[in-house]
Amino acid sequence: MKKTNEKYAVELKNVSKIYTLKQKNQGNKNQSFYALKDISFKVEKGEVVGILGTNGSGKSTLSLILAGISDHDGGEMIINGEQALISINTGLNLQLTGEENINVKGALLGLSKKKIQDIKNKVIEFAELGDFLYQPVKKYSSGMKSRLGFSISLALDPDILIVDEALSVGDKGFAQKCMNYMEKLRDEEGKTIFFISHSLSQVQSFCKKGMWIEGGKLVEYGDIEEVCEHYSAYVDQYNSMTEKERRKQRDEKFAERVIKKPIKKSFWERILK
C-alpha cells in the first residue's frame, strides 16, 4: 500500500484477493477462489461511495482491504490519508472492557495519554453506553458492540471511513444519530466515506456515487442513481427465479471464481520448453 499526494483518497489498480476453502468429502483438498478479481477504481477526496452487492459478492472483503486490515494478493492500492473500518466486532477484543479497548487502540496507534482520554470522553458522550463501558465486550449485545466500535472510529477522526453494515443492528435512534453525524462529516468536513448497506434507500440518500460488486468483480461504478437502478433490476430479476434457477446461477458464479490449478509439467518438459 502506497501513500501519495494525489487528489485521490483511494486508488485501486487490478486488485485481487484469493481465499482458500477446504473441500468437504474430497480428501480434505483445498480449493482456491477469487474473493475479488482485478478491481480497479479511483475515489477523489471527499467523495461518498455506496458499495452494493448481494451476499458473498466481496463487499466485506473489499472493506477489509480498503481499511488495511487484510492484504491483497495482486494489483496495487494507493491510499492518501488515515482510514478506519466501522463494522460490528472489528478491532474489538471481546475479553476486554469497552474502556480497555479504547486504551489498547490508542496505545497501538502511539497516542499520548491525553489524546486517549480525549477519545474516551468523546466515546462516552457519543456511544451512550453508561456503565457498560466498564464491562467486558463479550457481554455486549450486537447493538452495543456497534455503538462502541462506531464511536471509537469516529473519535479517532480518520480521513477515510469504511462503514460496513454498522448501522444494521441496534436501535433506530442511535442509527439516525450516526447518520446525522456522517452527513456532517460529508458536508462540513469533506471526509471520504465508503458506505456498505443492504438498505438501497439509505445508500441512495447518503451517497453521491455507487459501486456494484458482484461475484468478486466490479460490475459498475458511477452515479448513485444509475448504479442503484441497475442493481435493483438485477436483484428483482434474481428474486423472480425459482430456487433451482438461483442455485444454478450461484454455482455458475462460484465456478467462475475458482482458480484452476495449472497442470504440472515434467522435468524434461520444463527444460525443453
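A salt bridge here is a side-chain nitrogen of Lys or Arg within 4 Å of a carboxyl oxygen of Asp or Glu. The model is predicted, so to speak of a local feature takes a pLDDT of at least 70, side-chain atom pairs count only at pLDDT 80 or more, and totals for chains, interfaces and linings use all residues. Residues are numbered from 1 along each chain as its sequence is written, and side-chain values use heavy atoms, with hydrogens and water left out.

**View 1. Glutamate 99 and lysine 120 pair up in a salt bridge.** Their closest N and O atoms are 3.3 Å apart. This one ties together distant parts of the chain: glutamate 99 belongs to helix α2 (residues 98–108) and lysine 120 to helix α3 (residues 113–127), 21 residues apart. Helices (H or I, at least four residues) and strands (E, at least two) are DSSP runs, numbered from the N terminus. Lysine 120 is buried, at 9% relative accessible area, while glutamate 99 is partly exposed at 24%. Buried means under 20% relative accessible area, exposed over 50%, and partly exposed in between (1.4 Å probe, protein chains only).

**View 2. Glutamate 44 reaches lysine 7.** Here the closest N and O atoms of the salt bridge sit 3.7 Å apart. Again distant parts of the chain are linked: glutamate 44 is in strand β2 (residues 30–44), lysine 7 is in the segment before β1 (8–22), and 37 residues separate them. Glutamate 44 is partly exposed, with 32% relative accessible area.

**View 3. Arginine 250 meets glutamate 243.** The N to O distance in this salt bridge is 3.2 Å. Both partners are partly exposed, arginine 250 at 38% and glutamate 243 at 42% relative accessibility. Elsewhere, salt bridges with shared partners join Glu11, Lys13 and Lys42 into one network. Searching the whole structure turns up 11 salt bridges.

**View 4. Helix α3 packs on helix α4 (residues 142–155).** Their axes (lines fitted to C-alpha atoms over the stretch in contact) are 9 Å apart, at an angle of about 135 degrees; angles run from 0 to 180 degrees between N-to-C directions. That makes α3 oblique to α4, since under 35 degrees counts as roughly parallel, over 145 as roughly antiparallel, 65 to 115 as roughly perpendicular and the rest as oblique. Among the residues in contact (heavy atoms within 4.5 Å) are Ile119 and Phe126 in α3, and Leu148 and Phe150 in α4.
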